[in-house]
Structure formats: structure tokens, C-alpha cells
Amino acid sequence: MPDVTQSPTIASNPEIQRLRLAHEASTRLNASTDPVIVARELARLAAKACDCPAVVLRLDTENDRLLPVPDRELTGFSDEPILLDDFPNIADWFDGTARLLHAETVTPRSFSALIRAMGVPSAVAVPLTLTGSIPLIGAILLALDNVSQVKPLNGVIEVAAVALRNAIHHARVVEQLSAKTRELDLQRRIDRELNDKMKQDRIFELTVDWAMRVSLAHGATLALYDQNNDALRYALDLGYDVDPAKIDMLRHEVGSGIAHRVARSGHTEVIPDVSVDQDYIELNSAIKSHMSVPVMRDDVVIAVISVESRRLNAFSDDHVDMIEKLATRAGVAIDNTRLYADAVREREKYSLILGAISDLVLAIGPDERVIQINPAAMSALRLYADREYVGEPFGTVLEESPLHEAFKRIKAMGQPAIEEIRLADGHVYHANFTPHPQIGWIIVMHDINEFKQMDQMKSELVATVSHDLRQPLMVMTGYVDLLALNSSVDERGERYLKMLTRSIHTMRRLIEDLLDLAKIERGMQLNIEPVSAAKMIEECMENARPAADVKQMTLTHEIADDMPKIAGDANRLVQIFNNLIMNAIKYTPPEGKVRVWAEQHDNMLRIGVQDNGVGISPPDQARIFEVFYRVRNAENESIEGTGLGLAIVKRLVEAHKGQIGLESRIGQGSTFTVTLPIASAESAAAPVIDLTPTEGQTKSADL
Ligand code: ADP
């Protein structure tokens, strides 16, 4: 097949040439979206088609001007835009016809300069129009002297107009997009920088700096406004070479000026010419225009940003927009610094308080991380003063401290609790664990070491005195017994002797109890072995039976022989239940009932001693296990006792790693429950346990 394009006859056919040109135009002009490249390609195509220099003028509708692009380097060519205002015949272009323009006569002058640069006296201008809404896209200027010579361009104009319009449109969209992106990026940078810094001075500096940058101003200031006192104080100025005295004056207080006006009104003001504004305060004589923007927070003006320029009318709507956006951000940042400063002040105050108190204070988050440790706690816990523990897991900070052990236990229960804990500094603390909905846990620990030592001394004194009282008491008992045998003692004397015997008996019990308590508190050895609850309770019942019989009371127990055995010291267990059963008999009116039962709870055995006696009121229940505490009421008045029994019982139960509980109603009776561990293989293998009381298990005795 012959090459059509190479055939001279066919190739010179004008119709074929027109088609070839239209094809070339649509492929080459649509290859780019850059209006300058499209215009240059079009100029080249037109120059080639008409065989003469060509210049393409593209219309910039945004700025009402024509932008010339030549097909090649032209000497004397200027790509100065041709403003449409200077082009009175623009309406002629709208009919879409080509016209001949003479360099001599055409206006504006830039247009004639263009024709001359093409090296010709006249040129044909072909408008690039679209049949549709936009009448003119641009024009092609060809160095021809006859309108008919542009014929080869028929069929290209439409394609060229579409390509150029698309490219211009595309460029505009890209321009808008990139402007928006730049603005967003700018705002982000402002945000980042402003919010990064919590120092107020730095925020002011950044704000003023950004204000100058975005408005291309020559000088900028930031003044803080106190609405309550209507006082505006300059905080910072940038770009001025001002007399320090003047700035000093401005820093102190200003009651006038444009910024002050804006502070009062809360509205931005743009002053294109400062010379006509009577409120204007001159910082520099070269300044011509001014803009002040209020910085608001919660509808209150807190500052004013002012920018100034050496040019008249230097600030556009865009600048207003940018500075207002900056003001919004600065408002947030200034407010944040204020809040931050307040928070820092509060924290410092709080730290001072925490630092000054001798109690140990710790706050632990719900995630078990340290929120706060005061200096007293740091020192008692032997933590490094210069290390930051906040944010670290409590368990890592304290490792195997008894405080952490207690915390884990109490946290698992989820209830406030008080424990005595001995810390690494050797002191015993009264530790108060309180759950807090917002914080997690607050631990306040009070040093009770001194009290503990006094307590210890008291216990020792009581033990010694009690011990020393034993001997004279024995002598007294002996002589009373001798006297009782003496037949010369009359009836009255016998009554006195009975009273003496009772009193000696009470004293002996008191001394025994005191000595026992002192022994338990000093620490004792429990001979732990598997003990049958049924047998042990049986023994206690036997001990109590005479007393029960005197009062005609029913004494029963419901403990099966096959109940698991308790891990305990048999003698001490008997002591515990003797006490509880005897109390039940003592504090129950005649013919009452005492019932002992047992039930298993996992690896614990709970034994209950239940009576239908006088009962104990809730306030008394709370104190019943205290040393020497006795309930004072009419029913109990005639009942003898020392108030030591339950205190000893509680300590013994806890020494067995058990718990004691009480349920009681006045007039209905009481149930004391003792929960004790069930014997395991190990408890049988390791029978002796040293039970020096551990803090946290033993409450101090108020002896
Ligand atoms: P006391 O030597 O006075 O019996 P305890 O320490 O054993 O001392 O008991 C303290 C107080 O508790 C008693 O004085 C009594 O008021 C009360 N109490 C103990 N057991 C019972 C009970 N089963 N029923 C009613 N009150 C009781």
C-alpha cells in the first residue's frame, strides 16, 4: 500500500492537509495539561500550517489579561501580559472571525509591539472560540497580511480551543488545590508549632512571626487584652525599629489605638491608609497600612494581633482570612498555655503540700501504674529521689515489697481497707487503701512506729507485772483456802471468804489472759497438725457442759466425723472454741440454746457457734474484738469477765491464717464464725510454725 503522507499529489491536497493537521492538533495539544505547553504546541502547529511566525495568546480570565506564547524565540518579543482593559476592541473577538491588525494602528501598544516582534507590519489574529458558553479562550496571531491565508487552520481552531480551555481549567483547579493544600499545611504547621510550645512567650513569638509571614507585613505586634479592666498591653513586636521607651510605654498600658478599638469591638479592622485614621499610633514613620485582628476565647477578646505594611492598601481579604485563622489557633494556644500554667501552678502547689506532709501518699492508676509518690513515700520505700517513677508499673517500682503484696490483695477485693505494713525503712505504717473512681487507688500511710514501740513496752510491762502478781496471788489463795478450813469462821466470815475467793479467781483469770495475750503478741510457736473438728468441738462441749447445766441450757453440735481436718494447734483451737462457747453460755439467759455447726468452703472449714442470747448491737460488734472491750448494759452488768477473751480469740484465729466473723441481733442471739484452713499434706509434714505476728494480720492491742 502506497504511503499516502509521502505522496506529493495527495499530500498537497488541502483537504488531506486539513485532516492531517486536525489529527496532529488533537494528539499533540491534548498531550499536556499545562496551558503554557499547550499554547506553545499550538503556536508551533499554526506556524507550521501557515508557514509563518505565530504567537498564541491565552486568556487569563482570573486577571483579565492575555498571555502571549510564541512558537519560537523571537527577538524583541515580550511576554508581558496584555491587560484586557487596555484592549478596547475585545468585543470584536467574540464574533469568532479572523481580522487583520496593523502594528501602526492597533491598540494597545503592547499588541503592536508583539506584531513588530514577529518582524511584520501587520498580522492576522484568529480568535480561539468555542461554540458554547465561553466565547473566547485566546487567539492566534500569525505574521500574515491577508485573512484568507489562515485557511489551513480551519478545523484546528475548535480542537485547539478545547485543548487550551481544558488546560487552563485544569491549571486553575490545580492552582486552587495547591493553594488550599498550602494553606492547610500552613495551618497544620501553625497548629503544631503553637501547640507544641507550652511557654506563653514562645506562643506570642510564633504567633507574631506567622502573622508577618502570612500577610507579608513589615511589622507585627501582639497585645494582650484584659476585658474586665479594658486594658491592652503589648506583649511582643516584630519588625519595628522602635524607640525602646515607646515600646515600654506600650507594654505598660494602652488606652487608645486601632488595636484597642478592635479589642473593644471584637471585629477585625483593615486600615488601607493609616494617615487617615485618627486612632493610629505610629511605631514607624514608613508604615502606610494596618490590620488588627482580635484573638477570641469563649467569645471574649483576649489579645489583638496587628500587622503593618510600608505599602498602602497592603492587606487583602485573603490576608484577613489567614490572620483570622491564625488568631483562632493562637487563641486556643494562648488559652492552653494559661490552662497549662494553671495546671503547673496547681501541681506545684499540690506537690508542695504532698512534699511537706510526713504521711506517705501514693496514687496508683487503674492500670496499676504509678501516678504519684510523695517524697516521704520515696524515702520510706527506699526509692531514688532523682528517678521518675510516674507511669511505671507499681509492681516494678516496688518489686517484692509487702506494700505491693497488700495492694494486690486489697485491689482484688475492690474494697477500701486498712492494714499495718512494715516497710524497708523498718517502720510500721498504718496504710489506708482507698479506691477512687477517677484515679484508681490512693494509699495514705501513717507512721505508727513510735506507737508500736510504746505498745510493745506496754505489753512487756503488763506481762512483767502480771507475772509478778502471780506469786502473791498464789499466797493469797493458799491462806484463803486455809481460812475456809478453819471451823471458827462464822457465817459472815464464810460469805467474805467466798467473795475473796471469787475476786482472787477473777484476778487469776485476768493475769492468765494478760500473760497469754502478751505471749501471743510477742510471737509464739503453733504446733500445727491435722485436727478433727468434731473431736475438738466435742472436747470443748465437755468443758462447757457444767456451766450449761447450771443454766439448764441445751448444748448441741452438728459436726460430722468425716469433716476434713483443720490445720491447727489442737490446744489453741480448744482455747478458741472454749472461749466462744463459754461466752455463748455466759451471754444467753437460762434455758437458752447453743449450737455449734461446721461447713466446708473450698479449702476452708467454717465453724459457727450460735446462741439465742442477748445479742450484740452493731456499734458494739465493731469494737468487740478490742482488748478490754466489754459491752455495758443491764444484762451484762452482773456477768464477770475481763474483756480479753475475744481479743485473744481473734489473734489466735489469725495466727492460724483464719478469719473470725460475727452476726448478731439484739435480743435474738449471736453467731460467731471461725474460718480455718483445711489440713493439707504439707501441714501434716511441717507441724511447727513460728507465728511471730506479721503486721497486716495483727491489729495493735490497746493495752
Ligand atoms: P468478756 O471477758 O467480757 O467475756 P470477751 O472479750 O470474751 O470478754 O467479750 C467481750 C464482750 O463481748 C463481752 O463483754 C460481751 O459483752 C460480748 N459478748 C461476747 N460473746 C457474746 C455473746 N455470745 N453474746 C452476747 N455478747 C457477747
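Helices (H or I, at least four residues) and strands (E, at least two) are DSSP runs, numbered from the N terminus. The model is predicted, so local features need pLDDT of at least 70 and side-chain atom pairs count only at pLDDT 80 or more, while totals for chains, interfaces and linings use all residues. Residues are numbered from 1 along each chain as its sequence is written, and side-chain values use heavy atoms, with hydrogens and water left out.

**The whole chain**

Buried residues (under 20% relative accessible area, with exposed meaning over 50% and partly exposed in between; 1.4 Å probe, protein chains only) make up 44% of the 703 residues. A contact means heavy atoms within 4.5 Å. Among contacts between residues at least 6 apart in sequence, 59% join residues at least 24 apart. The accessible surface, from the Shrake-Rupley method with a 1.4 Å probe and, for residues, only the protein chains shown as cover, comes to about 38,000 Å². Carbon and sulfur atoms account for 52% of that surface.

**Helix α5 and the glycine after it**

Select residues 109-117, which form helix α5. Its buried residues are Phe111, Ser112, Leu114, Ile115 and Ala117. Next, select Gly119, in the loop between α5 and β5 (122-128). Gly119 has a positive phi, near 80 degrees, and counts as exposed because its relative accessibility is 63%.

**Two loop residues with positive phi**

Most residues other than glycine have a negative phi, and most peptide bonds are trans. Select Asp51, in the loop between α3 (35-50) and β1 (54-60); its phi is positive, near 55 degrees. Is Asp51 buried or exposed? At 69% relative accessibility, Asp51 counts as exposed. Then move to Arg382, in the loop between α11 (375-380) and α12 (394-398). Arg382 is not a glycine, yet its phi is positive, about 60 degrees. Arg382 counts as exposed, since its relative accessibility is 53%.

**Helix α9**

Select residues 258-265, helix α9, where Ile258, Ala259, His260, Val262 and Ala263 are buried. Which strands do these buried residues pack against? They pack against β7 (219-226), β8 (231-238), β9 (269-271), β10 (289-297) and β11 (300-309). Just after α9, Gly266 takes a positive phi of about 75 degrees.

**The nonpolar cores**

A nonpolar core is a set of buried Ala, Val, Leu, Ile, Met, Phe, Trp, Tyr and Cys residues joined through side-chain atoms within 4.5 Å. The largest core has 55 residues, and the members to select are Met536, Ile576, Phe577, Leu580, Ile581 and Ile607, which touch the most other members. Centre the view on Ile581: leaving aside neighbours within four places in sequence, Ile581 is in contact with Cys540, Ala544, Leu555, Val596 and Val609. A second, separate core has 53 residues, including Ala46, Leu114, Val150 and Ala163.

**Arg572 in helix α17**

Select Arg572, which lies in helix α17. Arg572 counts as buried because its relative accessibility is 11%. Its side chain makes a polar contact (a pair of N or O atoms within 3.5 Å; within protein, one must be able to donate a hydrogen and the other to accept it, and residues adjacent in sequence count only if both atoms are side-chain atoms) with the side chain of Gln575, at 2.6 Å. Not counting residues up to four places away in sequence, Arg572 touches Asp516, Lys519, Met524, Leu526, Leu652 and His656.

**The ligand**

Of the 21 residues around the ligand, Asn583, Tyr587, Arg630, Thr642 and Leu646 come nearest. Ligand oxygen atoms lie 2.4 Å from a polar side-chain atom of Arg630, 2.9 Å from a backbone N or O atom of Thr642, and 2.8 Å from a polar backbone atom of Leu646. The protein covers 99% of the 520 Å² of accessible area that the ligand has on its own. Two or more residues of the shell come from each of α17 (570-586), α20 (645-655) and β23 (669-677); α17 gives the most, with three residues.

How values were computed. A residue is near a molecule or strand if one of its heavy atoms lies within 4 Å of it.
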